[in-house]
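I opened the model to look up helix packing, the metal site and salt bridges. My entries follow in that order.

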Amino acid sequence: MFKLPPLPYNFDALEPYIDARTMEIHYTKHHQAYVNNLNAAVEKHPDLQKKTVIELITIVELPEDVRTAIRNNGGGHYNHSLFWEWMAKGAGVPKGKVVDEIVKQFGSYDEFKEQFSQAAKTQFGSGWTWLVLNQAGNLEITQSADQDSPLTEGYTPILGIDVWEHAYYLKYQNRRVDYIAAWWEVVNWDRVEDLYRKNVG
Ligand code: MN3
């Protein structure tokens, strides 16, 4: 059975950037629903119950009756498990080897931030914007719709922002741009650095 991972901070830890009510609903309702729906989908196929969520969202041939459910809910579970860790109280100062690499590939940190924010702003409808490592080991900014994971496309996510309305609507209503600007204040660069180092070897 898949389980909701522990949230690494209290619901109000990211105030005023991410409000406590949004955190609570996002984590206890939205993420929990992905977990529940994923469990319901794999229950129909005992062989799939032994797989990890990463295996499930990267297996090319899933049984047709659960393919969409696993793509949406497996992706939702995986993406949100990372998303909580990509934020932290009192974070927001970009640092580390990953930032050196960002500067190298995007020209400057500000240029990267601008391009990433632009991608997040222009993602049409529900989805995510990512900083990923491609198979050549270079950093790229990508977008995905719904709960599709970069892993499914062969990319390794290093950082990502959830731009579904449920991530910001209570506090920011339609102002996704304000949410994106606030989110940079809580990006946990220590975690981003961990993922980068783990994946570049
Ligand atoms: Mn979400």
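**Helix packing.** I looked up how helix α5 (residues 109-122) sits against helix α7 (residues 176-183): they pack at an angle of about 145°, with axes 10 Å apart. Axes are lines fitted to C-alpha atoms, for helices over the stretch in contact, and angles run from 0 to 180 degrees between N-to-C directions. Helices (H or I, at least four residues) and strands (E, at least two) are DSSP runs, numbered from the N terminus. I noted that Phe116, Ser117, Ala120 and Lys121 of α5 meet Arg176, Val177, Ile180 and Trp183 of α7, contact being heavy atoms within 4.5 Å.

**Source notes.** I am working on a predicted model, where local features need pLDDT of at least 70 and side-chain atom pairs count only at pLDDT 80 or more, while totals for chains, interfaces and linings use all residues. Residues are numbered from 1 along each chain as its sequence is written, and side-chain values use heavy atoms, with hydrogens and water left out.

**Metal site.** Which protein atoms are donors of the manganese ion? I found His26 (NE2), His80 (NE2), Asp162 (OD) and His166 (NE2), lying 1.9 to 2.1 Å from the ion. Donors are N, O and S atoms within 2.8 Å of the metal (3.2 Å for Na, K and Ca); water is not among the atoms, so sites may look incomplete. In sequence, I read the donor spacing as H-x53-H-x81-D-x3-H. His26 in helix α1 (residues 20-43) and Asp162 in strand β3 (residues 156-162) are 136 residues apart, a pair that links distant parts of the chain. I checked burial and found both His26 and Asp162 buried; buried means under 20% relative accessible area, exposed over 50%, partly exposed in between (1.4 Å probe, protein chains only).

**Salt bridges.** I searched the whole structure and got 9 salt bridges, each a side-chain nitrogen of Lys or Arg within 4 Å of a carboxyl oxygen of Asp or Glu. One of them joins Asp148 to Arg71 at 2.8 Å, N to O. Asp148 is in the loop between β2 (139-145) and β3, and Arg71 is in helix α3 (residues 64-85), so this pair ties together parts 77 residues apart in sequence. Asp148 is buried at 16% relative accessible area, whereas Arg71 is partly exposed at 46%.

I also looked at Glu101 and Lys104, whose closest N and O atoms are 3.5 Å apart. They sit 3 residues apart in helix α4 (residues 97-106), about one helical turn. Glu101 is buried at 16%, and Lys104 is exposed at 65%. Last, I noted a network of salt bridges linking Glu85, Arg191 and Asp194.
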